[in-house]
Amino acid sequence: MVPILEASFTGIYLRHARRIMGEVETVRAAMLGEEAAGLAMLKQLGAEAGYVYYIAVLPNFRGRRIGAR
């Protein structure tokens with residue numbers, strides 16, 4: 001998943017995303033066939049509430065509504 005972060009973020013955002021990946025409860029991969037195209041980092045705050053830390057999609061998969069799914 002780190003290559004997806006490195007292709008999506010730079011500087012402080014990349015450092016923060018790397019750190020959060022080790023701390024966040026849920027990381028979901030967006031798969032297209034056998035290949036990871038993107039990811040979402042999520043945290044549940046309560047029974048019906050949550051927080052989206054990051055959504056990232058590899059550049060060659062952007063424009064296909066992967067992040068929206």
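## Strands and how they pair

Two strands count as paired if DSSP finds at least two bridges between them. Helices (H or I, at least four residues) and strands (E, at least two) are DSSP runs, numbered from the N terminus. With that in hand, welcome to this predicted model, in which local features need pLDDT of at least 70 and side-chain atom pairs count only at pLDDT 80 or more, while totals for chains, interfaces and linings use all residues. Residues are numbered from 1 along each chain as its sequence is written, and side-chain values use heavy atoms, leaving out hydrogens and water.

Let's start with the open sheet, where three strands line up in the order 1-2-3 with antiparallel pairing. Strand 1 (26-32) and strand 3 (49-57) are the edge strands, each pairing on one side only. From one strand to the next, the twist averages 25°; the axes behind such angles are lines fitted to C-alpha atoms, for helices over the stretch in contact, and the angles run from 0 to 180 degrees between N-to-C directions.

Strand 2 (residues 35-46) is joined to strand 1 by seven bridges, and Thr26 has Leu42 in strand 2 as its bridge partner. Eight bridges link strand 2 with strand 3; here Leu39 stands opposite Ala56 in strand 3. These two strands form a hairpin, with two residues between them.

## The nonpolar core

What would you find in the largest nonpolar core? This core has 16 residues, and those with the most contacts inside it are Leu5, Phe9, Ala17, Leu39, Met41 and Phe61. Such a core is a set of buried Ala, Val, Leu, Ile, Met, Phe, Trp, Tyr and Cys residues joined through side-chain atoms within 4.5 Å, where buried means under 20% relative accessible area, exposed over 50%, and partly exposed in between (1.4 Å probe, protein chains only).

## Salt bridges

A search of the whole structure finds two salt bridges, each a side-chain nitrogen of Lys or Arg within 4 Å of a carboxyl oxygen of Asp or Glu. Glu6 and Arg18 form one of them (2.7 Å, N to O). Because Glu6 lies in helix 1 and Arg18 in helix 2, this pair ties together parts that are 12 residues apart in sequence.

Arg19 and Glu23 also meet in a salt bridge (3.4 Å, N to O). They are four residues apart in helix 2, so about one helical turn separates them. Arg19 is partly exposed, at 45% relative accessible area.
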